[in-house]
Amino acid sequence: MSAEAAEMRREIEDLAASGNSEAAIIAHYKAQYGERILVIPDGGTGRVLFILPPIAIIVLGTILISALRRMRRAEVRSSARADQEELQRLRREFSEVIERELRGMA
């Protein structure tokens, strides 16, 4: 809502009132300011600007999910390995206790 925007609106109204078509008004502003004047650029650039963000979100989401799954699998493997080691330690201790008790009975 700058003074320049208000001036452009008045100029567009004057151009339209004088019989210029929408295409002619757009061509006038593109010639004066370049492609950057358009909210949605003409041609492939506009399509790219609308397609790129969803594609980027999908790709980054896939990468994030994949990384989280890998981290979870590594955590489960490490936990399972620790459980196996603890089970083996307990079996050794249990075997030692049984052997001591059997020796004490003999």
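A salt bridge is a side-chain nitrogen of Lys or Arg within 4 Å of a carboxyl oxygen of Asp or Glu. The legends below describe close-up views of a predicted model.

**Figure 1. The salt bridge of Arg89 and Glu93 in helix 3.** The side chains of Arg89 and Glu93 form a salt bridge, with N and O 2.3 Å apart. Arg89 and Glu93 are 4 residues apart in helix 3, so about one helical turn separates them. Arg89 is partly exposed, at a relative accessible area of 32%, and Glu93 is partly exposed as well, at 37%.

Figure 2. Side chains of opposite charge can pair when their charged atoms come close. The structure holds 5 salt bridges. In one of them, Glu75 joins Arg72, and their closest N and O atoms lie 2.8 Å apart. These two residues of helix 3 are 3 residues apart, about one helical turn. Another joins the side chains of Glu99 and Arg103 at 3.2 Å, N to O; the two are 4 residues apart in helix 3, again about one helical turn. Glu99 has a relative accessible area of 43% and is partly exposed, whereas Arg103, at 56%, is exposed. Elsewhere, salt bridges with shared partners connect Glu86, Arg89 and Glu93 in one network.

Figure 3. Tyr29 counts as buried because its relative accessibility is 5%, while Tyr33, at 26%, counts as partly exposed.

**Figure 4. A nonpolar surface patch.** Leu49, Phe50, Ile51, Ile55, Val59, Leu60 and Ile63 make up a nonpolar patch on the surface. Together these residues have about 710 Å² of accessible area. Leu49 is located in helix 3 and counts as exposed, with 51% relative accessibility.

**Figure 5. Helix 1 and the residue Gly19.** Helix 1 (residues 3-17) has 15 residues, which at 1.5 Å a residue should span 21 Å. The end C-alpha atoms of helix 1 are 21 Å apart, in agreement with that value. Gly19 follows helix 1 and has a positive phi, near 100°.

**Figure 6. Confidence along the chain.** The chain has a mean pLDDT of 86, with 92% of its residues at 70 or more. Confidence is highest in helix 1, at a mean of 89, and lowest in helix 3 (residues 44-105), at 87.

Definitions and conventions. Residues are numbered from 1 along each chain as its sequence is written. This is a predicted model: local features need pLDDT of at least 70, side-chain atom pairs count only at pLDDT 80 or more; totals for chains, interfaces and linings use all residues. Side-chain values use heavy atoms; hydrogens and water are left out. The expected span of a helix is 1.5 Å times one less than its number of residues. Buried means under 20% relative accessible area, exposed over 50%, partly exposed in between (1.4 Å probe, protein chains only). pLDDT is the predictor's confidence in each residue, from 0 to 100. Patches are made of residues with over 30% relative accessible area and no salt bridge: like charges are joined within 9 Å, nonpolar side chains (Val, Leu, Ile, Met, Phe, Trp, Tyr) within 5 Å. Accessible areas come from the Shrake-Rupley method with a 1.4 Å probe; for residues, only the protein chains shown count as cover.
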